[in-house]
Amino acid sequence: MFVAVARLADPAGAGKAAILVVGGSAKSRGVVCSASYEARSYGIRSGMPLAQAGRLCPTAVFVPVPRQQCGVKSRAVAQALDRWAPKVEAASIDEFYLDLTGTEAVYQGEPLAVTAARIRADLLERTGMQLSFGGGTNRLVAKLATERAKPRPGTDGTGVFIVPPGAEGDFLATHALADIPGVGPRLTTRLRGYGLVAVRDALPVERRQFEAWLGPRSGAWLYDRIRGQGSAEVEPDGEAKSMSHEETFPRDLTADEALETELLRLATTLAAELRRDRLTARCVTVKLRDHDFKTRQASRTVGQPIDTDRAIFATARGLLADLRRRRRVAARLLGIGLTRLEAPATGSQLSLLSTDPAGGLETDRDRAVARAMDAITHRFGRDAVRPARLARKPTDPR
């Protein structure tokens with residue numbers, strides 16, 4: 001079985017002379033989304049606070065994330081990939097998995113590297129995007145192979161790197177433990193305490209020793225992962241698992257009204273995207289990061305699938321109020337997520353109960369308003385109509 005991973009190239013544009021950082025400005029409080037290889041040479045990495053990135057490289061050019069355009073490009077890539085593989089999974093906006101099992105006859109038995117190179121060339125022509133392809137017998141190996149495939153400066157990467165069947169163990173042995181997806185900073189530090197830094201260091205360790213150190217489940221998982229054994233299942237698109245948006249504020253917000261306004265902004269954007277993808281949600285989650293970096297979240301599963309601005313915001317507002325009651329301090333980040341996504345029923349069953357804002361139940365009026373807003377924004381642009389509360393940002397009393 002072959003699984004190929006296609007990852008969008010850095011939005012900053014690897015190989016350009018400019019030192020670019022995507023994520024905002026050096027004075028903003030967000031994090032780095034991506035950086036050119038020139039910027040990375042200064043120690044700048046994805047997920048790093050923008051202020052820290054600015055200190056590491058004062059001459060870097062910081063650009064905001066073109067979120068809408070990224071979404072457009074991601075969907076274009078997904079559509080192009082559908083032409084080449086029976087199963088395509090969008091793991092994120094910039095990462096795709098392809099299952100090419102059973103296509104050997106279609107591609108006349110050509111090597112996977114040749115097929116991947118042809119797909120890469122086709123996507124460049126169709127979308128203008130330079131992608132890197134990694135191939136292997138499972139998702140873990142294929143994902144790591146994309147890093148070797150990237151044509152970054154100082155390497156011989158061609159955009160395609162394939163790990164042959166049977167070579168998974170040798171390939172994994174060339175990595176650090178921190179390179180393995182799922183081995184985060186905390187686990188990396190813990191393993192370093194046992195003298196394990198590289199995969200080669202960990203290979204002699206027996207499964208039962210890992211289980212003694214990390215527990216039966218985590219120990220067995222790590223034992224398999226460092227040998228190149230990972231999930232080989234690719235789940236076709238059309239069954240998205242979640243959608244979310246979050247915002248890091250330029251300064252901490254303290255007033256409930258200001259937080260609710262930002263929550264409404266996030267909820268209306270997310271609801272529109274949900275309807276655009278012809279999906280509904282059954283679970284709403286609100287994420288709050290306080291001024292001291294403590295992150296909290298609360299979720300609620302509603303009684304019926306929802307996709308309207310009012311229902312999603314009403315449910316999220318109740319969750320935000322619960323979080324604020326438990327700890328009322330200044331907030332630096334707010335987010336909202338939707339899970340348990342599904343296609344809407346052909347004939348939605350109307351609720352015999354009165355509309356319950358806390359539960360998120362929808363009415364026919366809610367749906368009619370949402371569809372009317374979608375039609376207007378489709379014709380005149382996303383800012384053509386919006387809730388009056390979003391016409392201006394309220395001041396936030398300190």
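The charged end of Arg139 sits over the ring of Tyr97, 4.0 Å from its centre. Keep in mind that this is a predicted model.

- Let's start with the strands: 4 of them form an open sheet, and the order is 9-12-10-11.
- The pairing in this sheet is antiparallel.
- At the edges you'll find strand 9 (242-253) and strand 11 (295-306), each of which pairs on one side only.
- From one strand to the next, the twist averages 15 degrees.
- Zoom in on strand 10 (residues 281-290) and you'll see that it pairs with strand 11 in the antiparallel sense, over 8 bridges.
- To spot a bridge yourself, look for Leu288, whose bridge partner in strand 11 is Arg296.

**Helices across the sheet**

- Helix 11 (residues 256-276) lies across strand 9, strand 10, strand 11 and strand 12 (331-339).
- Check its direction against strand 9: helix 11 runs at about 155 degrees to that strand.
- Helix 12 (residues 309-326) lies across strand 10, strand 11 and strand 12.
- For helix 12, the angle to strand 11 is about 150 degrees.

**Aromatic pairs**

- The count of aromatic pairs comes to 4.
- One of them is Trp84 with Tyr107, a stacked pair with 6.1 Å centre to centre and 20 degrees between the planes.
- This pair links distant parts of the chain, 23 residues apart.
- Trp84 is in the loop between helix 3 (67-81) and strand 5 (87-92), while Tyr107 is in the loop between strand 6 (95-99) and helix 4 (112-127).
- Trp84 counts as buried because its relative accessible area is 14%, under the 20% cut-off.
- Tyr107 is buried too, with a relative accessible area of 11%.
- Tyr194 and Trp213 also form a stacked pair, at 4.0 Å centre to centre and with 10 degrees between the planes.
- Tyr194 lies in the loop between helix 7 (185-193) and helix 8 (199-202), and Trp213 lies in helix 9 (residues 207-214), so this pair ties together parts that are 19 residues apart in sequence.
- Tyr194 is partly exposed, with a relative accessible area of 35%.
- Ring pairs also bring in Phe210, linking Tyr194, Phe210 and Trp213 into a cluster.

**A charge over a ring**

Definitions and conventions
Residues are numbered from 1 along each chain as its sequence is written. This is a predicted model: local features need pLDDT of at least 70, side-chain atom pairs count only at pLDDT 80 or more; totals for chains, interfaces and linings use all residues. Side-chain values use heavy atoms; hydrogens and water are left out. Two strands pair if DSSP finds at least two bridges between them. Helices (H or I, at least four residues) and strands (E, at least two) are DSSP runs, numbered from the N terminus. Axes are lines fitted to C-alpha atoms, for helices over the stretch in contact, and angles run from 0 to 180 degrees between N-to-C directions. Contact means heavy atoms within 4.5 Å. Rings of Phe, Tyr and Trp (its six-membered ring) pair if their centres lie within 6.5 Å; planes under 30 degrees apart count as stacked, over 60 as edge-to-face and the rest as tilted. Buried means under 20% relative accessible area, exposed over 50%, partly exposed in between (1.4 Å probe, protein chains only). A charge sits over a ring if NZ of Lys or CZ of Arg is within 6 Å of the ring centre and within 35 degrees of the ring normal.
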